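Have the structure open while you read.

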Amino acid sequence: MKLIMFIALVCMLSTGCSTLAQPQQYKTHTVEKGETVYSIAKKYNTTEAAIYKLNPDAKKGVGVNAVLIIPSVDTINEADIIFKLHRVKRRETLFGIAQLYNVQIDEIKKYNKELYSRELKKGERIRIPTGVKENTTTVISETNTANEGAKHTVLPKETKFGIARKYGITMSELAAMNPNLGESLQIGAVLNVPNVSVLETATIEDEKYDFYEVKPKEGFYRLKVKLGLSEAEIVALNPYAKDGLKDGMILKIPKDSDEVLTENVTVVNLENYINNKTKKRIALMLPFRLNKSVKDSVNTNTELLKADATMRIALDFYSGVLMAAEFAKDHGISVELDVYDTEASETKVVSIIAKNDFDKVDAVIGPLLRKNVEKAASELRNTDTPVFSPLSNKEVKISSNLFQTLPTDEMLQEAMLTYLKEHAQGKNMVLVSDSKKNATKQTILAALDNVKTLSPREKGFLYATDIQGKLDDLRENWIILESEDPVVLSNVVGLLNGMPENYKIRLFTLDKNAAYDYNDVSNVHLAKLGFTFPSVNKSYNYKDKTPFLTSYKNKYGVLPNRYAVRGFDVTYDVLLRLASADDVYDATKNDVVTEYIENKFHYTKKLFSGYQNNAVYIVKYNEELQFEEVK
């Protein structure tokens, strides 16, 4: 490579090399980490063949800091350039679009000359240069005998991921080379691909391996945390990754690593990553139901508060939101809060959105009720305004702009099953369930081996001999209790507490439902049994003097309840995500877990849909009757 660069330099400084005598026809490029010849060719709107012709040694690979001669884009006619039409989204910038397509801002302006004199407009379509047609010729004097690209015939078991990996390109690059590429591949289909492949095969060599597409800004450290694979292990499986990772690169990874995709993601304190201190505009939509209040009547409104649980929840949540805004301001983040009363009405939600400008709103928090959240997200979908559902984890119609902040019941159940499977070895597992929990029973039996089962007798009762016959005094007994009947729960919990001390017993459930809150179910007994269950949140310790608890009590005179804490956690997380990225969508791409007073957040994008928080706690009652997280 050094010899080629020396010859090129001599040619450019002399008159003896006619093919390079025109300085405006060529430029140089220093290879950066993660770049390939294909991506460099795309960046300069030229072809790999043109680059290889000027830099023959590049066929053996290009290393970081290598210098390549690049034919100028001016040597290519506009008619030979491949364009992609891009529809400008809300709040998009030229810089962001240039980064998305790996082109220069000036190149976008060159083919969209109106952008020299005005800003982007939401919804307009602009031309993005993504490459050149395969039969394009440059002004290089000698005949170009090399193919501008190669062809790949799809073989059985090959996938788009595998083909992209074979040729060292990303999925988006493969799609750009094959505009008519569908969702699935047909055996025998012929695809356009780069000249040089980096692997011998496009199929997985072993069923133990799978594909992983590198996300934006992911490096080896991030993949170590996410996949549990070191840089050396990744490079050993993917030799072409030795020069660095790039967005969209396809890696071969062991399938076992899928199991740690979320478990080993590090909790990140976004307060340490604030880099965007522009004013954040938040729209808060809550059912204050002010239409029911009476002006200047304290007594009437006090009675209304006592009678209306929804109103009380909204006010508590609002107090937490205000505290989050104050904490954000302490970090230099200015917050503009637009507060709307939805009156718990779907019609009112539609009216609010129709009468107000949400185009510059960074995020909507609320409404609380499921149907109103669905309506708000649907109404704001066209502007890509993110809507955060703060309190409902019921099945919702998740629009592409909807963030479900609470894990679903299915996620809770799966998390508990995973914990039980990981720790079941050496335990005597006993499942106690009633007829209404038959589906859960079948799920547990399918997931766990050697589980003994027990069902209540008539009228929902068990006798001590029923349970004792299933226990083992030589092993720890893990009892899984599945019922929504407070009579069953009270009976079983009481019997377990009355067992002889030589039995080691711990109580679990996949569903801590409202029946556990009945007075007949003793919290003292539950604590003695180390009652363990999945939860969307953990309880804070009121004895802790955290900044939030201290500030809240100083301002309101009481400690916050769970709705006030929820309001703080959800809002503070949204504000910090906005302050650590351009918007919450970009912040979510970083695939981080955040955690605050009682809640943590780990959003993942659902296919063809919105975002779901899948961060779940496994908690248990301790001897102080407090819930503590099980590590």
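Val 574 touches Ile 282, Ala 363, Ile 365, Phe 388 and Val 584, leaving aside residues up to four places away in sequence. Keep in mind that this is a predicted model. Val 574 also belongs to the largest nonpolar core, where Val 574 is among the residues with the most contacts.

**The cores**
- The largest nonpolar core counts 44 residues, and Ile 282, Phe 548, Phe 568 and Tyr 572 join Val 574 as those with the most contacts inside it.
- At least two residues of this core come from each of strand E9 (280–286), H11, strand E11 (363–365), H19, H20 and helix H21 (584–589).
- The top contributor is H20, which gives ten residues.
- Another core lies apart from this one and has 29 residues, including Leu 489, Val 521, Leu 526 and Leu 529.

**Helix H19**
- In H19 (residues 547–556), Phe 548, Leu 549 and Tyr 552 are buried.
- Those buried residues fall within an arc of 95° seen down the axis, so they line one face of H19.
- Pro 547 and Asn 554, on the other side of H19, are exposed.
- The cover over the buried residues of H19 includes helix H11 (309–330) and helix H20 (562–579).

**Helix H15**
- Thr 440, Lys 441 and Ile 444 are the ones to look at in H15 (residues 438–447): they are buried.
- Their arc around the axis is only 105°, which puts them on the same side of H15.
- Helix H14 (409–423) and strands E14 (428–433), E15 (452–454) and E16 (476–482) are among what covers the buried residues of H15.

Technical notes
Residues numbered from 1 in each chain as written. Predicted model: local features only at pLDDT ≥ 70, side-chain atom pairs only at ≥ 80, totals over all residues. Heavy atoms only, no water. Buried < 20%, exposed > 50% of the residue type's maximum accessible area, 1.4 Å probe, protein only. Helix = DSSP H or I, 4+ residues; strand = E, 2+ residues; numbered from the N terminus. Arc of directions from axis to C-beta. Contact = heavy atoms within 4.5 Å. Core = buried A, V, L, I, M, F, W, Y, C linked by side-chain atoms within 4.5 Å.
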